[in-house]
Amino acid sequence: LGNFNGKLKKSNMTDAATNMRLKLPITCFILEIILIILFGTLVQYDYETDAKEWHNTSHQDYENDFYFRYPSFQDVHVMIFVGFGFLMTFLQRYGFGSVGFNFLIAAFSLQWATLMQGFFHGMHGGKIHIGVESMINADFCTGSVLISFGAVLGKTSPIQLLTMAIFEVTLFAVNEFILLSLLGTKDAGGSMTIHTFGAYFGLMVTRILYRPNLDKSKHRNSSVYHSDLFAMIGTVYLWMFWPSFNSAITAHGDDQHRTALNTYYSLAACTLATYGMSAITSHDGKLDMVHIQNAALAGGVAVGTAGEMMLTPFGSMIVGFMAGIISVLGFKFLSPILEDKLKIQDTCGIHNLHGMPGVLGAIVGAVTAALATTDVYGQGMADVFPAVADGSVNATKQGGIQALSLAITLGIAVLGGLIVGFVLKLPVFGTPPDTLCFEDSVYWEVSLMRPERDHRVQVHFIYISNHKHVCEIMCNICVIYVAVFIFLT
Amino acid sequence: LGNFNGKLKKSNMTDAATNMRLKLPITCFILEIILIILFGTLVQYDYETDAKEWHNTSHQDYENDFYFRYPSFQDVHVMIFVGFGFLMTFLQRYGFGSVGFNFLIAAFSLQWATLMQGFFHGMHGGKIHIGVESMINADFCTGSVLISFGAVLGKTSPIQLLTMAIFEVTLFAVNEFILLSLLGTKDAGGSMTIHTFGAYFGLMVTRILYRPNLDKSKHRNSSVYHSDLFAMIGTVYLWMFWPSFNSAITAHGDDQHRTALNTYYSLAACTLATYGMSAITSHDGKLDMVHIQNAALAGGVAVGTAGEMMLTPFGSMIVGFMAGIISVLGFKFLSPILEDKLKIQDTCGIHNLHGMPGVLGAIVGAVTAALATTDVYGQGMADVFPAVADGSVNATKQGGIQALSLAITLGIAVLGGLIVGFVLKLPVFGTPPDTLCFEDSVYWEVSLMRPERDHRVQVHFIYISNHKHVCEIMCNICVIYVAVFIFLT
Amino acid sequence: LGNFNGKLKKSNMTDAATNMRLKLPITCFILEIILIILFGTLVQYDYETDAKEWHNTSHQDYENDFYFRYPSFQDVHVMIFVGFGFLMTFLQRYGFGSVGFNFLIAAFSLQWATLMQGFFHGMHGGKIHIGVESMINADFCTGSVLISFGAVLGKTSPIQLLTMAIFEVTLFAVNEFILLSLLGTKDAGGSMTIHTFGAYFGLMVTRILYRPNLDKSKHRNSSVYHSDLFAMIGTVYLWMFWPSFNSAITAHGDDQHRTALNTYYSLAACTLATYGMSAITSHDGKLDMVHIQNAALAGGVAVGTAGEMMLTPFGSMIVGFMAGIISVLGFKFLSPILEDKLKIQDTCGIHNLHGMPGVLGAIVGAVTAALATTDVYGQGMADVFPAVADGSVNATKQGGIQALSLAITLGIAVLGGLIVGFVLKLPVFGTPPDTLCFEDSVYWEVSLMRPERDHRVQVHFIYISNHKHVCEIMCNICVIYVAVFIFLT
C-alpha cells in the first residue's frame, strides 16, 4: 500500500508548480480591475443603446439594430460557450477543463476584445461606442482565441490561456483593422480574421510549446463513449447556428438572408462529404467520431468570406463539399505528419477544422469577389462591395485585396503565435507536467469521494482512477478466475 | 480464451455484410453530386435573398421575411438536430447512431426536400426559388423522415436510412402538394403532413422489416441512467421550441403570435397529463422516463393543425391534455399489442408520440375549421382560411377538406411505407444482424481501448462489453464471496 | 442473502408513504382540470394575438409585439427548462428528479401564473388578456418557483413541490402586484420579484422542513464527474441567455438593447471574479465546480433591477464583479453556517446564487434610480421611470420606493415561506425518508435491469446500487487481494 500512497501523492496532490492558489486569483483580479477601469474611462453606449441619444432622433422602435441582430447574437453566443466548450469535452478526463477554461477565457476575451476592437475601429470622439454589433464582434474575436485553445487543450494552465488571450485578442484586432478598415476586405463570417488567424496562431503556439514526452499522457488523450456524446452537443450547436454566425454582422435585409442560406447549404453538403470520407478512410468502413465532430463543420468555415456574396446555393454546396473532404483527409493523413515531422501537437485538430477550410474560404472569397458584376448584384452591390459600387476599385482588384488579406492574416498569425508561444514558455505559468496532461484533477477538484469517507477507500479510489488500465486487467482476470472456478465446480 | 476470441471475432470485427467501407462513401458522394448538379440547374435565390431583386423594389430592411421567420427557423433547426437527435440517445449502446445518423439523414433530407418541395410548389419560371421559408419547409420535411427513423432506430444501416429518406421526402412532397396546393388544406404545424405521415410511413417500413429474432439484441434495447439524461436534452428542446415549430410558417402578425401561444398552453397541459398517467399506469406509482421523454410532447403534435386557428387557450389545453393521456396509454397498452400481434417493432414508440396525436390533431383541426365564423375571425379570416374568406368554400366544407386530407395522408403514408419497406429488404444495404441491433460498434469506431494497449486487455474488454450481463453476475457473486469471507473472519 | 433481500425490500420497494400511484395522478388531473376550467371562463387572446382584434386596427405586421419579444421569450424558456433543469443535475443520483420535477412544476406553474398574474394585473373587462408578454411573465414567475425548488431539491415529493408551487405563484403575483402596480417599482429582470423572493421563500420552506438526520443520505448529496458536466449545460445556458432574461419585458428599442448589454458585461466580470475566488478559497488552489456552476451566474441576478437603467457598462461590471465575490464567499463560509446554526439545508446553495445577489441587485437598483437625471436619460426617462418623467415622484423618491420594495419582498417571502413550509410538513405528501433523499429510485423507475432478467442478478444489482460505497470497498479489497496474489506468485 505504501507504493500506492506514493503514487497517490505524486499524481493527486498538486505540485507547487501547478498550484493556482495565488496565481489565478491575482491574475483574474488584476485583469478584471484593469478592464473595469478602462471601461469606466473609455466606453459609452452607442446611440441605439443610450436612452437620451435614441430618443433624441425620430425612430420607430423596430428600427433599432437590436431587432436585426440580437437573435443572431444569441446564436453566436451559444456557439462560443456551448459549441466550442462542449466540442472539446471529447477527452475522457478533461471535461471540466474544456467547458470551464473555455468559459473563463471567453468571459475575459469578450471584455478585452470590446476594448481592443473599439480602440482600432470603434472610437467616436475619444470614446468607444458599444451596442449589439460590438457585442457580436467581441464574441467573434473570442471565437478566434477559442480556436487556438483547441490546439493547446489539455497542455496549458489557465494562466497560460489568459496570457495567450491577452495577446491574441490584441493581434486579432490589429489584423482585423488592417483588413476591414485599411484594405476594405470583406470577411463577414471571418474565414480569414477568425478561423485562419485563430488556427495558425494556435498551431504556432503549440509548436513552440512542443512536448517531446507527451506520450506519457497518451492514455488520457482519447475519448470514451459518454465524452463523445457530450462533444456531439458542441458539434451540433456549432453546425446549427453557423448560418447565424456568418450572417450576424452582414448588412441588413437580403445580405443577412442570403448569408444564412448559403451557409445552411454549404454545411449540409459538407456533412455528406464528411460521412463518406470518414467511412472510406478507415480500415473497416466504420465512422470515426473525430471526423463527424469536426469535419462536418468545415463547410461553415469555408463560406465565412463568400457567404454574403452572390455565391449561389450551388457554389456554396461545392465549397462545403470540398471543405468536408479536405478536412477528413487532414485528420487522417496530415495531422500525424504535423505531429511527427513538424512537432505540432494539435489536440483538437484545429488545422483540419479551421486552418485549411479557413484558407479555402479566403480563396473562395477572393475568386467570388473578383467575379462580381453589377449585372448580378444590381444596387445590392453597395452593401456587399461598397468600394466596387462607388467605383473606387473594380471587382478584380477587390479579389486581389481579398487574396492579399489572406497573406497578411497568415503572416500576423504565424509571427504572433511564435512570439506568444515563447512568452508562454516562461516557467511562471504553472503548466502541467508531461505526465498530467489532459487531466482535470490538476486544476479542478474532482469529486471522486467525499472527504468524510473512510480514508482507505479514498486511497483505493484514487489509485484506481490513476491506474485504471491496470485495475481493469486485474478485475478482468479476477472475473475470469471466478468464472473458471464456477465452471469447474 | 479461445471461446472468447471466437465471440470477439464474431461480434467486433465487421462482417462483410455490414461493412460500409465502399457502400457509404459511394452513396454519399453520388447523392451529393446529384444534389449539387440539380441545385446548379434548378435553384435560385428568391427575391428577398437576391441582392439585385431585393434592391430593385422599394423596401424597408425590416420588411424582409428573414426578420419574421429566422428566429423560428433556428428553433426548428435545433429541434431537428438536437431534439430528434438526442431524444433517441436513450438506448444504452446507440448514442452515436442516434445523434450521428440523425445528423446524416437530416443533412441529406433538407437538401433533397428543397428540390422536391420546390419542384411541387416553389417553381417560378422553371426555377426553384428559395429563402428562409423554403429552409423551414425543408426542415419540416426532414422532421418527417426523422420520425420514421425513430421506428427503425437501431435496426437499419445508414444506407437503408438514406434510401428511406430519398423515397420518403419525395412522397412527403407529393402528399404536401395534394393537401396544401390542390385541396387548400391548412396544416401549418404539420399534424398531418409531418407527424401522421412520418409515423405511419415509418410504422409500415418497420412492419416489413420485421425481425422475429430481435430479442437476441433485447439486452441492448433499453436505457441506462446517463443515456436517459441525454435523451432528456432532446425532449426538453423539442418541448420548448414546439411553439416556434407550429408558428414558423403561419402568416405574419397575429397568426404567428397566436399559434405560439396555443402550442405553449397545449404542451403545458399535456405535461401534467403525462406525469399523472405515468404514475397511475405503473405498478408502484413510479414515473417512467419513456413517458416523460415522449408523451409530454404529444401536446405539440396535437395542435399542429389547429394551432393557427382561433382554438383559444382553453381549447388548446383540452387538446394537449387528451394527447398526453392517449400517448401514455399507447406506450403502456398499445405498443406491446403492435409488437406482438401486428409485428410492428417501433423502437421509439413513434405511434404514441406522432401517430395517434397526429391523427388527433388532424381531427381537432377539421372540427375547428368547420366551426370557423367571421364573427370570431373578422378580417383575419383571410390569413387563416383564405378560401373561406373569399367565399369559394364555406367553413363546413373546409372542415371536410381537412378530414379528407387526413385520409389521403394515411393512405399515401401506409402505401408508401409498405413499398419502401420492401425496397429496404433488398440484401444490399448492409443491415445489421439480429444479434447486433442497437449496437454502435457495428457502424462506428467505439473507443474502448487504444490499439497500442496490451492485446489481452482489449480482448477482455470487448468480451466484457459484449457479455456485460454475464460479467455482472460473476462480479456480483465475486463481491459477495469476498464479503462473506470477510464477515466470517 | 436474506439480509440483502431485506435491505432490498426496504430501499427499493416503495413504502406506502412515498407511493405516488394515486396521489400524483389525482393531484395532476385535478389541478389541470381546474386550470382548464378557469382558462375557459377567464382567459382571452389579447389584441395582438386575436385574429379579429389585430385586423380591426391598422398595423404593419412587424409592429406586432411577437417580433419584439418572441426571441427573448424563447431564450427565457430555455433558461427555465434547460437552465434550471440541468443546473440541478449535479447530484449523482438525482438527475431524473432534477430535470423531471423541474419540468413538471414548471409546466404547472406557467399555467397557474398566467391566471394569478392576469388576475392581479392583466384584467380587461373581467377577462385576462394574454400574449407573448404574459407568457414571459409566466415564465418569470415559474423561475421563482424553480429557485425555491433548488433549496429543497432531493428532499421533497412531487406533490410537495406542486403544493409549494400553488402557494408560491400566488404570493409571487401578490408581491409583484404591490411592487409593480401599486408602488411603481422598476424590476424588469426581477432581482427582487424573482430572485430575492424565490430565494428567501425557498430558504424558509427548507428551514421548516429541516431534517436533523439528513446525513443518512450524505453519500448521495454530491456530484460525480459526468453529473457535473450535465450541470454545466444548465449553467452555460443560464449564463448565455441572461441578457435576454433581463431585457425580455423592458420597453422596446434602446431599453431592451441597453439591458442586454449591461447584463452581458456584468456576467463577464462576474465570471472572472468567480474563478479567482474559487481558486483562492480552496486549500490547494483547485477550482471548485460548485462555484463555477453557480457563482458565475450571480452577475445576471445582480443587474436584474438596474440593467434597464443607465447603469453604464462600467457600473454593470462593478456590480457583476462584486456579485461573483459575494457568491463564492457565501458558498465557502456562509452555507455551512446556515446549515449548522440556522438549520437551513440549502441543497443548491440558492442563497448564494439568488439570495444575496438578488438583495445586492435591489440595492444597486435603488441607488441607480435615486441618481437618475434628465440630463442622462433625456426623453428616454419616460420608458425607464415613467413616474419620474411625468413628475409624480422625483428620482430620490423612486430610489426610496425601490428600497421599500426590497423590504416588502423579503417580508412576503419569509412569511410566505414559513407558512408554506408548515403546510408541506403535513404527513400526506409522500415525502422521502431521511435515508432516501437525493435518490431517484424513490419516485422514478430507474432502469438498472430489465424485468425479464434473472432475478438474482437484479437483487445483486439493486443491492449494489444501494450500497455502492460498501461494494466499492469490497471490490477494491478484492482487486488488491488478487493483485497481491499475482505479485506473490
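Start with what the lining of the largest cavity is made of: 18 nonpolar residues, three polar ones and no charged ones. Bear in mind that this is a predicted model. There are 21 residues around this cavity, and the ones nearest its centre are Tyr67(A), Tyr67(B) and Tyr67(C), along with Pro71(A) and Pro71(C). Helix 4 (65–87) of chain A, helix 4 (65–87) of chain B and helix 4 (65–87) of chain C each put at least two residues into that lining. The space inside comes to about 320 Å³.

Now for the second largest cavity, at about 220 Å³. Its lining has 19 residues, and closest to the centre sit Asp75(A), Asp75(B) and Asp75(C), plus Phe241(B) and Phe241(C). Helix 4 of chain A gives the largest share, five residues. Sorted by class, this lining splits into 13 nonpolar, three polar and three charged residues.

Here are the two side by side:

| Cavity | Volume | Lining residues | Lining by class |
|---|---|---|---|
| Largest cavity | about 320 Å³ | 21 residues | 18 nonpolar, three polar, no charged residues |
| Second largest cavity | about 220 Å³ | 19 residues | 13 nonpolar, three polar, three charged residues |

And how many cavities of 30 Å³ or more does the structure hold? The count is 11.

Note on methods: Residues numbered from 1 in each chain as written. Chains lettered and ligands numbered in written order. Predicted model: local features only at pLDDT ≥ 70, side-chain atom pairs only at ≥ 80, totals over all residues. Heavy atoms only, no water. 1 Å grid on protein atoms, 1.4 Å probe; cavity = no way out; pocket = protein on both sides within 12 Å on 5 of 7 lines; lining within 4 Å. Points joined across faces, edges and corners; volume = space filled by probe spheres on them. Helix = DSSP H or I, 4+ residues; strand = E, 2+ residues; numbered from the N terminus. Nonpolar A, V, L, I, M, F, W, Y, C, P; charged D, E, K, R; others polar.
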